[in-house]
Structures are given as structure tokens and as C-alpha cells.
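Hello,

Here is the structure I said I would pass on. My notes on it follow below.

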Amino acid sequence: MHAIILLGGPGSGKGTAADMLRKETEYIHVSTGDMLRAAIKEGTPVGREAEKFLTEGELVPDDVIIRIVEDRLDEGTGHDAFTFADFPRTLGQAELLDRSFEGRNGSIRHVFCLKAPPEILIPRLTGRRICRSCGTNYHVVNIPPQVEGVCDNCGGELYQRSDDEESTIRHRLEVYEDQTRDLISYYDKRGVLAPVEAGKAPQDTMGEILEVLQKDGA
Ligand code: AMP
């Protein structure tokens, strides 16, 4: 069992990279955010514990997070290569993940740290539009829909996330820096950190990631 971790702030493209990895390699994406939302919808014990944190936009406690991750690792779907892009978010989660992997003969292959300057990230995020019906992402300049404000896939209405406004974005970038500083130095000391230039087109960022993976035969 092994994993890749993608670290990157808002707009760095880690969701896109996780998606591309799923298509081009054996790595499947495990998202704690998605698993929490599903658990809440199903009303499981984890869902009931996590609900208030999601509603308030707070981080869910580490012990709850590691429980859903371990349940997923132990599902026995035949997959043993995972990408995480929204986990670990704290040093505590990183340590718990190490312990989980120790018990499962697993390892962290690489931690890709996607970096881009604010002058690239801010326009990426302020231009983002999302379909209310099917969730497809667009960008007013980079990936415009055929008809302004209308989803190409389903005809749904496109909207801008309220936290994709410039002042909120600057704050989100600062929060990200604060939250990940410790994680970055933790993985750097372990020798698994690989910085990736994320200010380029998604396929170029992906090319860099694939090159690192190919070098160690992963
Ligand atoms: P996201 O989908 O990544 O925006 O996460 C939505 C919410 O889920 C966050 O605001 C947290 O409440 C919770 N969450 C998702 N992943 C984690 C995690 N690794 N650690 C703690 N809370 C998380």
C-alpha cells in the first residue's frame, strides 16, 4: 500500500492533478471532504460527529478523520495506491497516517507541493465559475462556456463561489500558508517532499509529477 500526497493552496490545481493521476496512473483519489459529506448524508456515527464542524467551516478532529481514512484503506477494493489532496491537514493527521501505514506495510511515496505566486492564483480563482446543477468547473478566460453563464454539459446556471472573491481569497491563501508550514517541514525532513511549479498549464504541472513518479518506477 502506498500513497501520494498533494499539498497546495486554493487555486493551485491539486484537484485537477488528482483527477489526472486517477486517469493516467493506478493511483485512486481518496478525499476526506467527500467521505465526510457522504457520511453526513447517510447519517453514520462518523457523519453525526463531523456534521457540526463542516457546518461551521472548522477542521474535523484528527481522530475522526483518521477513522474514515483507515476504514477506506481497509475496504479491500483491490486498490493499494492512493492520492490524498485534502488530507493530512495537520501535523497530528500526518503522524496518525504514518502510524496507520506502519500497521499496513504502507508508505508515502511522494508529497508534491504545488506552488504558484498569488498573482497567478488570484485571477484563477476570481474567474472560476461552477455549474449549480452538475458541478462542472469553468473559467471566464481559461475554460469559458460556449454561452456565458450557462453550463455546456447540462444547461445549468453558472455561479461564482462566495469565497472566490479577491479579499476572501487573500485570506484563504494566508490561512493555507499557516496551516501547511509544519506539514511541509515534516515531509521535507523525511525526504519525500517534491516541489512542483503549479503556475503553468495543468498538463505541464502533471508532466512534472509524472516525471518524478516514473523516475522511481511508481
Ligand atoms: P473540503 O471539501 O476540503 O473543502 O472540506 C470541507 C470540510 O470538511 C472542511 O471545512 C472540514 O470541516 C472538513 N474536512 C475535510 N477534510 C478534512 C481534514 N483532512 N481534516 C479536518 N477536516 C476536514
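Leaving aside residues up to four places away in sequence, Tyr187 is in contact with Ile5, Pro88, Ala94, Leu97, Ile108, Val111, Val192 and Leu193. Please keep in mind that this is a predicted model.

Tyr187 belongs to the largest nonpolar core, which has 31 residues. Together with Ile5, Phe84 and Leu97, Tyr187 touches the most other members of that core. Helix α4, residues 62-73, contributes the most to the core, with six residues. Another core, of 23 residues, lies apart from this one and includes Leu6, Leu125, Ile209 and Leu210.

Next, helix α1. This helix spans residues 14-24, and Ala17, Ala18 and Leu21 in it are buried. Viewed down the axis of α1, the buried residues fall within an arc of 100°, so they line one face of the helix. An α-helix has 3.6 residues a turn, so residues three or four places apart point the same way. Among the elements that cover the buried residues of α1 are β1 (2-8), β2 (28-30), β3 (81-84), β4 and α8 (202-215).

Last, the second largest pocket, which holds about 300 Å³ of space. Its lining consists of 16 residues, and Ala116, Leu121, Leu173, Tyr176 and Glu177 are the closest to its centre. Two or more lining residues come from each of β4 (107-115), α6 (118-126) and α7 (166-189). Of the elements, α7 gives the most to this lining, with seven residues. By class, the lining of the second largest pocket is made up of 10 nonpolar, two polar and four charged residues.

Regards

Key
Residues numbered from 1 in each chain as written. Predicted model: local features only at pLDDT ≥ 70, side-chain atom pairs only at ≥ 80, totals over all residues. Heavy atoms only, no water. Core = buried A, V, L, I, M, F, W, Y, C linked by side-chain atoms within 4.5 Å. Buried < 20%, exposed > 50% of the residue type's maximum accessible area, 1.4 Å probe, protein only. Helix = DSSP H or I, 4+ residues; strand = E, 2+ residues; numbered from the N terminus. Contact = heavy atoms within 4.5 Å. 1 Å grid on protein atoms, 1.4 Å probe; cavity = no way out; pocket = protein on both sides within 12 Å on 5 of 7 lines; lining within 4 Å. Points joined across faces, edges and corners; volume = space filled by probe spheres on them. Nonpolar A, V, L, I, M, F, W, Y, C, P; charged D, E, K, R; others polar. Arc of directions from axis to C-beta.
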